[in-house]
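Subject: Structure handover

Hello,

Here is the structure you are taking over. My notes on it follow below.

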Amino acid sequence: MWRVGMSEEIGKALQSAMDRVNQAVARRSKALPALPPRLVAVSKTKPPEMVIEAYKQGQRNFGENYVNELVDKASNTEILQSCPEIEWHFIGHLQKNNVNKLLGVPHLFMVETVDSAKLADKVNSSWQRLRAASSQRLRIMLQINTSGEQSKHGLPPEETVNTVKHIVSQCTALHFSGLMTIGRSGFDLSQAQNPDFQMLLSQRKKVCDNLNLPMEDVELSMGMSNDFEHAIEVGATNVRVGSLIFGNRDYPNSAANTPKMVFPVSAWLVFWCIIQ
């Protein structure tokens, strides 16, 4: 819930996140493309007031995981009035039946989770139809399942190059911006570099070599609140940070937030009589 003092907290959290981003950039190898990382503030489950406050503090890129929640926030009257330069990123799993709804979102900046050629075709045709009056192409990223986990969405790494070729050659309404991964959670960075990040780096190299694309034209979206600094150090150009900025997420249906059922004494008496 929004409370007095939240404004100052969000401001401090954003400044801390940006300081850490800049420090990570300073540690990055000079051999990597000199692309300044984009900080995407993930506002999942957070109220519009917190989005507006982060915007007032200078934040422009915001990410949402669920289509309906993004539609509600992006269409919120106060956000539309207070945040004219906001840029929304969709970072959750996208089903084909939700494509039209998503593409109607005001200030939609990028869809980071296209995970198949068929989905790319659907997004391409829908964007052509919905934004026929605009020649601006929709920025998309190709999501790669770098960890191979069945619970994760994304394209198998071995299909990356051919799928990018398809998007570039066949999806004329889309702008291929780069590659994205969720990766496994809880990896111990003290033991080694994150293999999911290394996999995404290798896939970018293959894409650039096969399609003759400049490395700096292919972004890498990887890294979240717990590992975004390491992601930047090894080459991330887009990091998705939520809880570090907005605090822990509130899930209304979680066990902690679900009220316990309390039966009045009279109800228990009726129940006792029935079972006798």
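Helix H6 passes helix H7 in a right-handed crossing, in what is a predicted model. H6 covers residues 117-130 and H7 covers residues 160-170. Their axes come within 10 Å and cross at roughly 20 degrees. Angles under 35 degrees count as roughly parallel, and H6 and H7 are therefore roughly parallel to each other. On the H6 side, the residues that meet H7 are Ala 117, Ala 120, Asp 121 and Asn 124. Their partners in H7 are Thr 163, His 166, Ile 167 and Gln 170. Sorted by class, this contact of H6 with H7 has 3 nonpolar, 4 polar and 1 charged residues.

A second pair of helices is H1 (residues 6-27) and H2 (residues 48-56), which pack at an angle of about 55 degrees with their axes 9 Å apart. That angle makes H1 oblique to H2. The crossing of H1 and H2 is right-handed. H1 brings Met 6, Ser 7, Ile 10 and Leu 14 to the contact, and H2 brings Met 50, Glu 53 and Ala 54. By class, the contact of H1 with H2 has 5 nonpolar, 1 polar and 1 charged residues.

After H2 comes Gly 58, whose phi is positive, near 110 degrees.

Ser 43 lies in the loop between strand S1 (38-42) and H2. Is Ser 43 buried or exposed? Its relative accessibility is 0%, so Ser 43 counts as buried. Leaving aside neighbours within four places in sequence, Ser 43 is in contact with Val 51, Phe 62, Gly 63, Glu 64, Glu 69, Lys 73, Trp 88 and Phe 246.

Ile 245 is found in helix H10, which runs over residues 243-246. With a relative accessible area of 4%, Ile 245 is buried. Which residues does Ile 245 touch, not counting residues up to four places away in sequence? They are Ile 10, Ala 13, Leu 14, Ala 17, Leu 39 and Ala 41. Among them, Ile 10 and Leu 14 also take part in the contact of H1 with H2. The C-alpha atoms of Ile 245 and Val 42 are separated by 8.3 Å, although the two residues are 203 residues apart along the chain.

On the cysteines, a search of the whole structure finds 0 disulfides. Cys 171 is buried, with a relative accessible area of 1%. Cys 208 counts as buried too, at 7% relative accessibility.

Last, the overall figures. The secondary structure of the protein comes to 11 helices and 8 strands. The protein has 276 residues, of which 44% count as buried. Among contacts between residues at least 6 apart in sequence, 66% join residues at least 24 apart.

Regards

Definitions and conventions: Residues numbered from 1 in each chain as written. Predicted model: local features only at pLDDT ≥ 70, side-chain atom pairs only at ≥ 80, totals over all residues. Heavy atoms only, no water. Axes fitted to C-alpha atoms, helices over the stretch in contact; angles between N-to-C directions. Helix = DSSP H or I, 4+ residues; strand = E, 2+ residues; numbered from the N terminus. Parallel < 35°, antiparallel > 145°, perpendicular 65-115°, else oblique. Left-handed = near helix turned anticlockwise from the far one by under 90°. Contact = heavy atoms within 4.5 Å. Nonpolar A, V, L, I, M, F, W, Y, C, P; charged D, E, K, R; others polar. Disulfide = S-S within 2.5 Å. Buried < 20%, exposed > 50% of the residue type's maximum accessible area, 1.4 Å probe, protein only.
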